[in-house]
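Thanks for coming. I will go through one chain today, starting with a single residue and ending with the whole. Please have the sequence and the structure open.

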Amino acid sequence: WFAFAQEYIDMKWPRAAAKSRAGNADTMATATLAMLTSARGKPEDKVLRRAMTGWAFNTKRRTGDKPRDVEKALRWLDGNTLPVSRLEDPAVVRRVLEQLALRMDGKPAGAKTVARKRAVLYNALEYAVERRLLRVNGLRDIKWTAPKEVKAIAKRVVINPEQARRLLAAVGEQRVDGQPRRSSGPMLVAFFGAMYYSGLRPEEAAMLRKQDLQLPSSGWGELLISETAPTAGAAWTDSGKRRDRRQLKQRGEGEIRHVPCPPPLTELLHAHIERHGTAGDGRLFRNLVGGDIAESTVARVWDKARRAALSEAEYASVLGKRPYDLRHACVSTWLAAGVPSTQVAEWAGHSVAILHQIYAKVIAGQEDAARERINRVLGLPRELD
């Protein structure tokens, strides 16, 4: 199994996104802990996991120098995992599934994590069938109930326009030792604004460039989104940088998504360019020395803004807790305004089906307004409250 797992990682590596590479390694490391043949001489689980995710299941790093405990753990794994063929036994498959449902500390893993890992395992077993190491993919016949995954966002995380304005103002007012130029806050106002007003993902906003803007001096404009740069870690990217620059999610290389830019964002973007300029490649948002924005910086600036702009009770709640919640607020606003879900899905870069899953509660809240519109078309009297 251990040799096959490395072969599977190498097969997926060239075309996989950096985050997918890390996710594949995480899944195979978890599954391997359920495929061990012996406990004799077994290193601690945390050492085994570090050896697998840091080296064995990282194609780029596997042949590099390793700490002594990692070398020892890898040698032990070479001789102490089951044959792949044992995965034709339903009991072994179930044992692997149960392992995927646990965190390293033995507590239950989150539903989304379990679903992701099960999908990777299923693909790995399909590859084993292709390689004729298995006759069938045993996962197909296992009656196993995974933890329920909650996909719909809760309305309580969604900020309203007045709260958004306060939060963006708080981002711009951040100082270090009284100096705005020593804080990343003022450089990120339009970054957060692009997420709130145009629904960009954080990794899309990070790659927004001046040449992507089609803006009048004021009023409605348009953003042309064609690149994304999710943070995955330098160990998983081809470039050796923390951000993995690539095409848009679920789209081909060079494909562009057209997104409306409302007047408040047009104003923020003009102000940003006038005050902060751009990087050499046209990127609007970067750190204080011109490099890529760190996720930790974004999180820190946003947390400070929430603490400054929200009440104590609001800050302690899930209201706008994560920067990503700005995107949720934007899409919710579009839907609440009556924009057809097909159009919202196109602007947000979702399929309509996924949009309906994630924003089901927001869409359900429009039922009264929908009935009233139908009444008007049919010439029926307005319903009384």
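Let us begin with Ala 146, which is partly exposed at a relative accessible area of 30%. On this scale buried means under 20% relative accessible area, exposed means over 50%, and partly exposed lies in between, with a 1.4 Å probe and protein chains only. Ala 146 sits in the loop between α6 (111-130) and α7 (161-172). From Gln 6 it is 140 residues away in sequence and 26 Å away in space, C-alpha to C-alpha.

A word on the source. This is a predicted model, where local features need pLDDT of at least 70, side-chain atom pairs count only at pLDDT 80 or more, and totals for chains, interfaces and linings use all residues. Residues are numbered from 1 along each chain as its sequence is written, and side-chain values use heavy atoms, leaving out hydrogens and water.

Next, helix α4, residues 68-78. Helices here are DSSP runs of H or I with at least four residues, strands are runs of E with at least two, and both are numbered from the N terminus. Which residues of α4 are buried? They are Val 70, Ala 73, Leu 74, Trp 76 and Leu 77. These five lie on the same side of α4, because they cover an arc of only 160° around the axis, the arc being that of the directions from the helix axis to the C-beta atoms. An α-helix has 3.6 residues a turn, so residues three or four places apart point the same way. On the other side of α4, Arg 68, Lys 72, Arg 75 and Asp 78 are exposed. The buried residues pack against α1 (2-12), α2 (18-32) and α3 (45-56); contact means heavy atoms within 4.5 Å.

Now to helix α13, where His 328 is found. Is His 328 buried or exposed? His 328 is buried, with a relative accessible area of 7%. Apart from neighbours within four places in sequence, His 328 is in contact with Ile 153, Arg 322, Ile 358 and Tyr 359.

Finally, the chain as a whole. It has 17 helices and five strands. The C-alpha trace spans about 70 × 60 × 45 Å along its principal axes. Of the 385 residues, 46% are buried. Among contacts with a separation of 6 or more, 66% are between residues 24 or more positions apart.
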